[in-house]
Structure formats: C-alpha cells, structure tokens
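Please examine the model shown below together with its sequence. A report on its architecture and contacts is set out after it.

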Amino acid sequence: MRLGAEFAAQAFEGAFDRFVQTYNVAPQLARCSPDVLVRFCRVFNGGESAHNEQLRFRGVPLYAAVLPAGVVAFEGEVDEDRMGDW
C-alpha cells in the first residue's frame, strides 16, 4: 500500500484493515520503507525512535525494508478456505 510521506493514523489503520478485509486474516508482519517507519513513530509513538524497541501495530511487528518511499507491505499466511468466506 502506498501511504505517502505525511500519512495520518487513519491511513495506516485503513491499509491494515483493507488487508484484513481482503484476506480475512490479520497480517503476520509489515515491511515498511524507512520514511514510513519514521512517520509511524511520529504518529503512533509520540515521535520516539524505533531503534530501541520492536515496533508493533495491533500486535503485528513492523520491519524496515528496501521499498519505494511511502510504502508499507503487509504479509501473512492466507487460508484459501477462509478467504472469501466473509
């Protein structure tokens, strides 16, 4: 999902929720471009750096990744039997 450089909390929450709605399962992890991690810290952690702790959103760990600016990629195991049963 492309969030952009100055995304609001609702944009990140919406991207997470869209993954859940699409695949009917919560992601296992999220890989974020460096600028998304910095913005995530400002929005959700009061500006505290991610260097000292593992960042999480709704229990899902966030990791830095080599991605285009403004991008978050949610990953998880999709159960084909559950997907589409909503």
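## Basis of the model

This is a predicted model, in which local features need pLDDT of at least 70, side-chain atom pairs count only at pLDDT 80 or more, and totals for chains, interfaces and linings use all residues. Residues are numbered from 1 along each chain as its sequence is written, and side-chain values use heavy atoms, with hydrogens and water left out.

## Overall architecture

The protein contains two helices and four strands, and from the N terminus these elements follow the order α-β-α-β-β-β. Helices (H or I, at least four residues) and strands (E, at least two) are DSSP runs, numbered from the N terminus.

Of the 86 residues in the protein, 33% are buried. Buried denotes under 20% relative accessible area, exposed over 50%, and partly exposed in between (1.4 Å probe, protein chains only). Among contacts in the protein with a separation of 6 or more, 76% are between residues 24 or more positions apart; contact means heavy atoms within 4.5 Å.

## Packing of the two helices

The axes of helix 1 (residues 9-23) and helix 2 (residues 34-44) come within 10 Å and cross at roughly 115°. Axes are lines fitted to C-alpha atoms, for helices over the stretch in contact, and angles run from 0 to 180 degrees between N-to-C directions. Helix 1 and helix 2 are therefore roughly perpendicular to each other; angles under 35 degrees count as roughly parallel, over 145 as roughly antiparallel, 65 to 115 as roughly perpendicular and the rest as oblique.

On the helix 1 side, Ala9, Phe12 and Glu13 meet Val36, Phe40, Val43 and Phe44 of helix 2. By class, this contact has six nonpolar, no polar and one charged residues. Ala, Val, Leu, Ile, Met, Phe, Trp, Tyr, Cys and Pro count as nonpolar, Asp, Glu, Lys and Arg as charged, and the others, Gly among them, as polar.

## Helix 2 and its surroundings

Within helix 2, Val36, Leu37, Arg39, Phe40 and Cys41 are buried. The cover over the buried residues of helix 2 includes helix 1, strand 1 (29-32), strand 2, strand 3 (60-64) and strand 4. Gly46 follows helix 2 and has a positive phi, near 65°.

Arg39 lies in helix 2 and is buried, with a relative accessible area of 16%. Apart from neighbours within four places in sequence, Arg39 is in contact with Ala5, Glu6 and Phe7.

## Aromatic residues

The structure holds 12 aromatic pairs. Rings of Phe, Tyr and Trp (its six-membered ring) pair if their centres lie within 6.5 Å; planes under 30 degrees apart count as stacked, over 60 as edge-to-face and the rest as tilted. Phe44 and Phe57 form an edge-to-face pair, at 5.3 Å centre to centre with 65° between the planes. This pair links distant parts of the chain, with Phe44 in helix 2 and Phe57 in strand 2 (residues 56-57), 13 residues apart.

Phe44 is partly exposed at a relative accessible area of 27%, whereas Phe57 is buried at 6% relative accessibility. One aromatic cluster is formed by Phe7, Phe12, Phe16, Phe19, Tyr23, Phe40, Phe44, Phe57 and Phe74.

## Glu77

Glu77 is placed in the segment after strand 4 (72-75) and is exposed, at 59% relative accessibility. Glu77 and Tyr23 are 54 residues apart in sequence, and their C-alpha atoms are 9.1 Å apart in space. Not counting residues up to four places away in sequence, Glu77 touches Val25 and Gln28.
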